[in-house]
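Please read them with the structure open.

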Amino acid sequence: MTESTNGTTATAVPTLTRKDFVSDQEVRWCPGCGDYSILAQTQKVMPDFGYPRENIVFISGIGCSGRLPYYMNTYGFHSIHGRAPAIATGLKAARPDLMVWVITGDGDALSIGGNHLIHSLRRNVDLRIVMFNNRIYGLTKGQASPTSEFGKVTKSSPFGTVDYPVSPLAIALAAEASFIARTVDTHTEHIQQTLEGAGRHHGSAFVEVLQNCNIFNDGAHREFTDREVRDDRMLSLEHGKPMLFGKERNKGIRLHGHKPEIVTIGENGISEADILVHDETDPLIAFMLAHIYWPEFPVPVGVIRRISRPTHDELMTGQIEQAVASRGKGDLAKLLASGETWTVEGDAE
Amino acid sequence: MICPVCNFGNYPGDDTCANCGADLWALDTPEPATGFHGRLLGRHLEELGAPAAVSVDGAADVVELVERMHRDGIDCLLVTEDGRLAGIFTDRDAILKMAGRGLEHRPVRDLMTPDPVILRHDDTIAVAINKMAVGGFRHVPIVEGSHPIAVVSARDVFRHIATRLG
Amino acid sequence: MTTVRERPMTARQLERVTIRFAGDSGDGMQLTGSQFTRTAAVFGNDISTYPDFPAEIRAPAGSLPGVSGFQLSFASTEIHTPGDQPDVLVAMNPAALKSNLGDLPIGGALVVNEDAFTPVNLNKVGYATNPLTDGSLAAYDVFSVPISTLNARASEGLELTNKQVDLTKNFFALGLMFWLYDRSLDPTIRWIDEKFSKRPVIAEGNKRALRAGYNFGETTEIFHERYLVPPARLAPGRYRNITGNEATALGFVAASQLADRTLFYGSYPITPASDILHSLAAYKNFGVKTYQAEDEIAAIGAAIGASYGGALGITGTSGPGLALKSEALGLAVMVELPLVVIDVQRAGPSTGMPTKTEQGDLLQVMFGRNSDSPVAVVAPATPAECFDMAIEAWRIALKYMTPVAFMSDAFLANGAEPWAIPDPDDLPHIAVPNRTEKDGFYPYLRDPETLARPWAVPGTPGLEHRIGGLEKSDVIGNVSYDPENHHRMTVLRQEKIAGIAADVPPLEVYGAPEGDLLILGWGSTYGAIRSAVERLRERGQAVSHAHLRHLNPFPANTEAVLRSFRRVLIPELNLGHLLMLVRARYLIDAVGYNRVRGKPFRIAELEAEAERVVGELEGSAT
């Protein structure tokens with residue numbers, strides 16, 4: 001086990017393919033579940049990071065998303081509801097050489113796990129946190145989640161919820177996450193790209209995957225993710241490029257003062273130069289992107305934010321190395337005898 | 001918090017010094033203003049009953065003033081220019097600035113302490129004590145606007161304390 | 001107030017003395033107490049201490065909540081407790097007197113700083129008249145000393161502020177006590193010179209205060225007697241004073257070295273366990289990784305994650321935190337990873353009395369999880385034993401791949417005793433290897449002897465597998481809902497813990513192996529029970545003492561030991577937890593002695609209860 005960034009040993013790693021990451025377990029999600037697509041793309045991108053398979057760990061919480069580790073042929077830990085980021089933080093602290101993925105859902109991450117999510121992002125623990133957002137509690141059969149729309153009628157809210165939903169991206173931003181992205185379960189190329197970016201990021205990477213639960217909340221995102229309309233109703237972000245969308249890429253986001261508005265190029269003298277250029281390092285742009293949504297705006301997807309700063313485990317390791325360098329490696333005998341000691345001489349007994 | 005005994009740098013709020021064990025608790029516990037302290041902190045200067053100030057114009061002859069102070073037992077004069085407080089002249093100013101020069105006739109404005117520290121009637125006794133202690137003087141004029149009303153002296157403060165100590 | 005005594009100075013030999021220093025938190029009582037302790041220890045006495053910190057962070061000077069105390073016992077024999085009651089109470093101000101006088105026995109000695117007994121200070125704590133002069137202390141042997149005045153005089157001529165001079169008066173009190181008990185000033189003088197080497201004026205002030213106190217005792221006539229406590233015959237070796245929390249931290253550092261694995265400590269600040277986090281956080285050059293989590297659950301979660309990665313994952317807390325960790329602890333049981341959970345018990349329920357001691361979490365740690373979810377439980381009996389039991393906890397956790405609960409309490413955590421410093425080479429071997437062999441690997445294939453599953457850590461090629469909270473099939477380790485499998489796994493988890501009984505030292509009996517009464521205890525009640533049984537045996541009572549260090553499972557010979565006595569008495573600082581376990585497990589009609597006062601047992605009350613129980617036996621037919 002080495003301390004290099006991707007855990008590779010000096011000798012060449014055998015080239016892995018997607019099949020190497022498929023476990024022997026039969027996948028048991030409901031037919032038509034968005035999770036199948038996410039799983040396939042996850043398996044597809046794993047070889048790209050150059051980690052030996054044994055150095056990759058998937059930790060999940062409770063929910064349908066929680067089943068994912070069983071279907072990945074890596075080390076996996078299907079843990080308890082909401083606590084995966086906490087467990088992953090400890091694992092990463094003890095084993096900085098591993099690549100650790102946290103698989104969670106909108107209930108697991110934002111309800112019971114909200115606190116742990118916030119703090120693992122705040123600490124910039126080197127984790128890839130992928131949150132499957134189907135806006136419902138699937139595993140427990142259909143209760144409202146923190147991202148369900150206001151007034152949603154479910155078994156536990158027959159008269160509609162009285163809770164306002166929250167934007168997961170906004171929470172990640174408030175927690176100072178260094179990588180925040182959103183993608184869609186059925187947009188296979190986009191998921192791949194996004195997971196790649198998350199995998200390569202050095203620090204906490206938070207990815208919201210808009211996922212469809214076809215049994216308990218079918219069509220939650222279909223209004224804008226559907227193939228026919230997605231070009232006009234989703235905004236694909238790219239750092240350094242203007243925020244254009246639409247089938248003809250002639251619509252864009254412009255800041256009017258500090259407020260975003262949709263404009264059409266060619267109308268009212270708007271040219272491409274007026275369109276807001278995406279900057280992954282700008283927190284105000286990120287805040288705006290976290291708060292605009294369909295139907296008022298196209299739904300932003302892609303990398304909202306990406307900045308670089310030292311990770312939790314490397315800071316922790318750094319302190320240890322510094323302590324050893326300045327005080328020398330710990331001597332147990334000296335430590336036990338530290339403080340004020342006295343000696344009882346041998347008695348003529 | 002730096003230990004006052006051995007100078008060791010402790011974490012804020014530590015109860016005892018990690019180096020020498022000295023009690024740090026007592027050093028950062030704020031004391032409530034009760035009783036005597038409260039009375040000092042809370043009461044206003046008007047309670048001291050400081051006497052009305054004796055004001056003189058800046059042009060007044062200092063030799064005459066010294067005679068007057070000696071005759072009437074005044075130890076502090078407020079010097080005004082156009083009715084406004086410009087300075088203060090005490091027996092100390094007389095000693096320090098006239099010694100060795102004899103009784104030269106000069107306007108008092110040349111020997112006064114200009115722009116003295118002043119207080120208002122609604123300032124508290126503690127403020128007066130603080131100003132006197134920090135500035136090293138025994139008299140502080142009380143003004144209203146820029147008009148001198150009275151002079152508080154250290155003697156007034158001591159008398160106040162003495163009557164309340166019993 | 002000095003009284004001229006006509007009797008000459010006498011010196012009396014005593015076997016044991018208990019002193020309680022009490023004063024304002026600014027009076028330096030903790031320092032005074034620890035200095036006296038140290039000197040007594042260096043002289044060769046056996047010592048035992050118990051600091052009594054104020055419960056509030058800050059309280060106004062001279063108020064009752066601001067009183068800080070330090071009780072120490074020193075003796076020419078082996079002692080086990082800091083003393084039931086003080087023989088002498090040193091009270092530096094009226095608040096200290098008021099809050100501690102109740103513990104001083106009639107005729108006890110009382111040394112007071114009369115300068116602090118001003119109308120203002122008396123008024124602060126509700127004394128209408130001055131107890132030093134109104135006769136209310138007639139039942140005690142009162143020595144009223146103007147400590148502040150005399151101390152100030154000693155520092156005359158030194159460039160010290162009034163505040164700095166006042167801060168030296170604890171050394172005056174210390175010097176006086178050194179005189180009273182015939183102790184040398186040299187260790188303290190050396191200590192002063194070392195600690196204040198950069199501030200010679202302060203050092204001089206302290207030394208003068210110390211000598212002034214000593215000389216006051218020598219020259220004044222208010223003391224008519226000095227006391228000599230000869231050295232005890234302790235085993236030769238190098239010693240240091242150690243508190244339970246310090247010993248716990250050192251024990252886990254030692255364990256990580258012995259196991260050759262990184263120590264990962266995940267914790268959340270909670271009284272009285274926070275000091276363990278503080279201690280471990282300073283040991284970075286031992287590779288110790290400490291993690292202050294956002295809450296108790298994150299703390300244990302991170303520790304589990306660390307253990308999953310092959311480190312020694314430890315989490316530490318007190319009662320309320322243990323309650324929060326229940327679900328995660330259950331996860332650790334299900335995934336069968338090594339983990340140690342420290343519970344420094346305190347008075348509950350709920351927030352309870354955070355700085356007071358109790359033993360109220362035994363049933364919680366045994367059963368406080370959903371379903372049959374057994375964990376091994378160990379409990380140190382003395383502050384120094386926390387070191388050994390920390391290593392023992394890891395020996396069990398690693399060998400049996402199980403969570404282990406380490407039950408300490410506030411009394412052990414803050415109390416101190418001399419500790420014979422061990423040689424690291426003499427410590428037990430506890431290391432276990434990671435699994436590397438691919439052939440024949442299954443996540444839940446158990447070792448036939450220990451029933452432990454293999455430890456295949458991430459990063460090991462060819463052993464990729466998934467663990468989790470869902471029930472797993474025996475051996476193969478896939479998720480399983482099979483009914484017979486679940487029963488079998490539940491039984492296996494139980495048997496794994498039960499099997500540890502064959503691997504722990506037998507329960508030892510102090511005293512005769514059989515008799516009328518066995519007093520059975522666990523945790524910090526050791527000292528009081530042992531002392532009580534010593535005294536009872538001296539009086540010819542057929543009473544013995546056994547003290548459990550392993551509470552789950554019990555040592556293999558436990559039943560045999562218990563059945564060798566006519567009655568088993570279990571004193572506990574709870575309403576009968578071990579009592580319930582013993583009765584349920586062995587169908588033995590044990591009785592309990594239960595007090596939940598937030599304070600340790602007094603030797604005298606255990607003696608009395610034991611005599612009462614033996615008396616009952618006498619009265620009934622065998």
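1. In soluble globular proteins, nonpolar side chains tend to be buried together.

2. How many of the 10 residues of helix α13 (residues 326–335) of chain C are buried? The count is 9, so the helix is largely enclosed by the rest of the structure. C:Glu336 follows α13(C) and has a positive phi, near 50 degrees.

3. There are 2 pairs of chains in contact, and chains A and C share the most contacts. Chain A and chain B do not touch, with their nearest C-alpha atoms 11 Å apart. Between chain A and chain C, 61 residues of chain A are in contact with 72 residues of chain C. The area buried between these two chains is about 5500 Å², and carbon and sulfur atoms give 62% of it. On the chain A side, A:Tyr75, A:Leu336 and A:Trp342 supply 17% of the area that chain A buries against chain C, more than any other three residues.

4. Polar terms are also present across the interface of chain A and chain C: 30 residue pairs are in polar contact (both at pLDDT 80 or more). The side of chain A that touches chain C takes at least two residues from each of β2 (75–78), α2 (84–94), α4 (114–122), α10 (312–327), α11 (332–336) and β12 (341–344) of chain A. The largest share of that side, 8 residues, comes from α10(A). The interface also has 3 salt bridges. A:Arg53 forms a salt bridge with C:Glu464, with the closest N and O atoms 3.5 Å apart.

5. Over all chains, a search of the whole structure finds 52 salt bridges. In chain A, the side chains of A:Arg200 and A:Glu196 meet in a salt bridge at 3.1 Å, N to O. These two residues are 4 residues apart in helix α6 (residues 188–200) of chain A, which means that about one helical turn separates them. A:Arg200 is exposed, with a relative accessible area of 54%.

6. Is C:Arg240 buried or exposed? At 8% relative accessibility C:Arg240 counts as buried, because the cut-off is under 20%. Its salt-bridge partner is C:Glu246, at 3.7 Å, N to O. C:Glu246 counts as partly exposed at 32% relative accessibility.

7. C:Glu607 and C:Arg535 form a salt bridge, the closest N and O atoms being 3.3 Å apart. The pair links distant parts of the chain, 72 residues apart: C:Glu607 is in helix α21 (residues 603–619) of chain C and C:Arg535 is in helix α18 (residues 526–538) of chain C. C:Glu607 counts as buried at 9% relative accessibility, whereas C:Arg535 counts as partly exposed at 31%. Elsewhere, salt bridges that share partners join C:Glu392, C:Arg395, C:Lys399 and C:Asp503 into one network.

8. On confidence, the model scores ipTM 0.93 and pTM 0.86. Chain C averages a pLDDT of 94, and 98% of its residues score at least 70. Over residues 1–5 of chain C the pLDDT is below 50, although this stretch has 11 contacts in the model beyond near neighbours in sequence. Where pLDDT is low, the predicted coordinates should not be read in detail.

Notes
Residues numbered from 1 in each chain as written. Chains lettered and ligands numbered in written order. Heavy atoms only, no water. pLDDT = per-residue confidence, 0-100. Contact = heavy atoms within 4.5 Å. Buried < 20%, exposed > 50% of the residue type's maximum accessible area, 1.4 Å probe, protein only. Salt bridge = Lys/Arg side-chain N within 4 Å of Asp/Glu carboxyl O. Buried area = accessible area lost by both parts, 1.4 Å probe. Polar contact = N/O pair within 3.5 Å; in protein donor to acceptor, adjacent residues only side chain to side chain.
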